[in-house]
Amino acid sequence: QVHLVESGGGLVQAGGSLRLSCAASGSIFRINDMGWFRQAPGKQRELVATITSGGSTNYADSVKGRFTISRNNAKNTVYLQMNSLKPEDTAVYYCNAETVSLAMVERTTWGQGTQVTVSS
């Protein structure tokens, strides 16, 4: 079984920065795409950014130019650098990965979420 653990959330003023990390552990054979999603109170979970194992990235329009997703394949870790944060970025941020376990089971794995709060 594969587990994802996020870290790096917190409270920051508008215009500030935060860096989220998400480390995968467990019986990992391979990790394909990884990504970050977020869910604000009363709203549906939405995609923030994704990155392939080869490093190709995709961003939601709302975060383009402010957020950067990256990954370290050797550490099975994905990062989200968030700059110029806005109050509307306030949400629980979830890490997501398309994982293949040592038993060759493919699944979508989610982290437990980390709270990001941006004050105005």
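This report covers the sheet, the disulfide and the salt bridges of one structure.

The structure is a predicted model, in which local features need pLDDT of at least 70, side-chain atom pairs count only at pLDDT 80 or more, and totals for chains, interfaces and linings use all residues. Residues are numbered from 1 along each chain as its sequence is written, and side-chain values use heavy atoms, with hydrogens and water left out.

**The sheet**

Strands of a sheet pair through backbone hydrogen bonds, either parallel or antiparallel. Here strands are DSSP runs (E, at least two residues), as helices are (H or I, at least four), and both are numbered from the N terminus. Two strands count as paired if DSSP finds at least two bridges between them.

An open sheet is formed by four strands in the order 1-3-8-7, with antiparallel pairing. Strand 1 (2-7) and strand 7 (67-72) are at the edges with a single partner strand each, so one side of each has no neighbour in the sheet. On average, neighbouring strands of this sheet are turned by 15° against each other, direction ignored. The axes behind such angles are lines fitted to C-alpha atoms (for helices over the stretch in contact), and angles run from 0 to 180 degrees between N-to-C directions.

Strand 1 and strand 3 (residues 18-26) run antiparallel and are joined by six bridges. His-3 has Ser-25 in strand 3 as its bridge partner, and Val-5 stands opposite Ala-23 in strand 3. Strand 3 is also joined to strand 8 by six bridges, again antiparallel. Leu-18 has Met-82 in strand 8 as its bridge partner.

**The disulfide**

A disulfide is a pair of cysteine sulfur atoms within 2.5 Å. The whole structure has one disulfide. The disulfide joins Cys-22 to Cys-95, with an S to S distance of 2.0 Å. The pair links distant parts of the chain, since Cys-22 is in strand 3 and Cys-95 in strand 9, 73 residues apart. The torsion about the S-S bond of Cys-22 and Cys-95 is about -80°, so the disulfide is left-handed. Both Cys-22 and Cys-95 are buried; buried means under 20% relative accessible area, exposed over 50%, and partly exposed in between (1.4 Å probe, protein chains only).

**The salt bridges**

Side chains of opposite charge can pair when their charged atoms come close. A salt bridge is a side-chain nitrogen of Lys or Arg within 4 Å of a carboxyl oxygen of Asp or Glu. The structure holds four salt bridges, including these:

| Pair | N to O distance |
|---|---|
| Arg-38 and Glu-46 | 2.7 Å |
| Asp-89 and Arg-38 | 3.0 Å |
| Asp-61 and Lys-64 | 3.1 Å |

Arg-38 is buried, at 6% relative accessible area, whereas Glu-46 is partly exposed at 37%. Asp-89 is in the loop between strand 8 (77-82) and strand 9 (91-101), and Arg-38 is in strand 4 (residues 28-39), so this pair ties together parts that are 51 residues apart in sequence. Asp-89 is buried, as is Arg-38. Salt bridges link Arg-38, Glu-46, Arg-66 and Asp-89 in a network. Asp-61, which pairs with Lys-64, is exposed with a relative accessible area of 65%.
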